[in-house]
Amino acid sequence: MNELLKIEGLTKRYSGNLFALNDLHLTLNGGEIVGLLGPNGSGKTTLIKLVNDCLYPTAGTILVNGNPLGPESKEDIAYLPDCTFLNESMRVNNLLNYYQDFYNNFDKDKAWNMLRDLGINQNARMKTLSKGTKEKVQLVLTMSRNAKLYILDEPIGGVDPAARDYILRTILSNYSEDATVLISTHLIADIENVLDRVLFLKQGQLVLNSTVDEIRSEKGKSVDALFREVFQC
């Protein structure tokens, strides 16, 4: 399998000796759904921002599909942040046109179909939608790109439990078999069944990189139970 994300010696240090990440090494291949898990302050958001070239590392390298961060990596990455980032005055259908103009790999037909399945009014302005519906629109826009690496930061955190299953099915059915989905979330029990691999981050360091099957067979525990044990929560 291809090395879709390769990170070597990645370090992000702030003032003094405050390390958000410290000498992190990680390789992810294509074709997996990966959970990025850890308590608040563990370095998850910093790692996500570094991979998306929103922050500059203190040291280390990041390669996406064999390329350093830049225009080519941005084409390969579809990023869903954990906050609302769309223009509140725009209508949903205008956002689809905007994404189609901005991203060469945006599939407008796929986006229309997902919006229809979710029952979202395509003529509605973003400011008239609930927080959960806004997050659904953002997820649709992200998953409608034919990217190699999807990075989703808390994709189900703001939606009601009834919508979570659909959103997870949307994620599962809208990425190609050679792509990888990296999901950061606190709702481990809700997504555990769709994960192939999990990463545990603790104080800026990777303390676990294992498949879900390995955890269940070798530890005899669910991912959620192991997480609670490791982080004592």
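Predicted model: local features only at pLDDT ≥ 70, side-chain atom pairs only at ≥ 80, totals over all residues.
Helix H5 spans residues 131-143 and packs against helix H4, residues 108-118. The two axes lie 9 Å apart. The packing angle is about 150 degrees. Angles over 145 degrees count as roughly antiparallel, and H4 and H5 are therefore roughly antiparallel to each other. Their crossing is right-handed. On the H4 side, the contact is formed by Lys110, Ala111, Met114, Leu115 and Leu118. H5 contributes Lys136, Val137, Val140 and Met143. Of these contact residues, 7 are nonpolar and 2 are charged. No polar residue takes part.

H5 also meets helix H6, which covers residues 161-173. Here the axes come within 11 Å and cross at roughly 10 degrees. With angles under 35 degrees counted as roughly parallel, H5 and H6 are therefore roughly parallel to each other. Lys136, Leu139 and Met143 make the contact from H5. Their counterparts on H6 are Ala163, Ile167 and Ile171. This contact has 5 nonpolar residues and 1 charged residue.

The largest pocket has a volume of about 430 Å³. Its lining comprises 18 residues. Nearest the pocket centre lie Ile77, Tyr79, Phe102, Tyr103 and Arg145. Three elements each supply at least two lining residues: helix H2 (71-76), strand S6 (77-80) and helix H3 (92-102). H2 provides the largest share, with 4 residues. The lining of this pocket divides into 11 nonpolar, 3 polar and 4 charged residues.

The model contains 1 cavity of 30 Å³ or more. The volume of the largest cavity is about 70 Å³. Part of its lining runs through Leu80, Pro81, Asp82, Cys83 and Thr84. Glu135 and Gln138 also line the cavity. Asp153, Glu154 and Pro155 complete the lining. By class, the cavity lining holds 4 nonpolar, 2 polar and 4 charged residues.

Key:
Residues numbered from 1 in each chain as written. Heavy atoms only, no water. Axes fitted to C-alpha atoms, helices over the stretch in contact; angles between N-to-C directions. Parallel < 35°, antiparallel > 145°, perpendicular 65-115°, else oblique. Left-handed = near helix turned anticlockwise from the far one by under 90°. Contact = heavy atoms within 4.5 Å. Nonpolar A, V, L, I, M, F, W, Y, C, P; charged D, E, K, R; others polar. 1 Å grid on protein atoms, 1.4 Å probe; cavity = no way out; pocket = protein on both sides within 12 Å on 5 of 7 lines; lining within 4 Å. Points joined across faces, edges and corners; volume = space filled by probe spheres on them.
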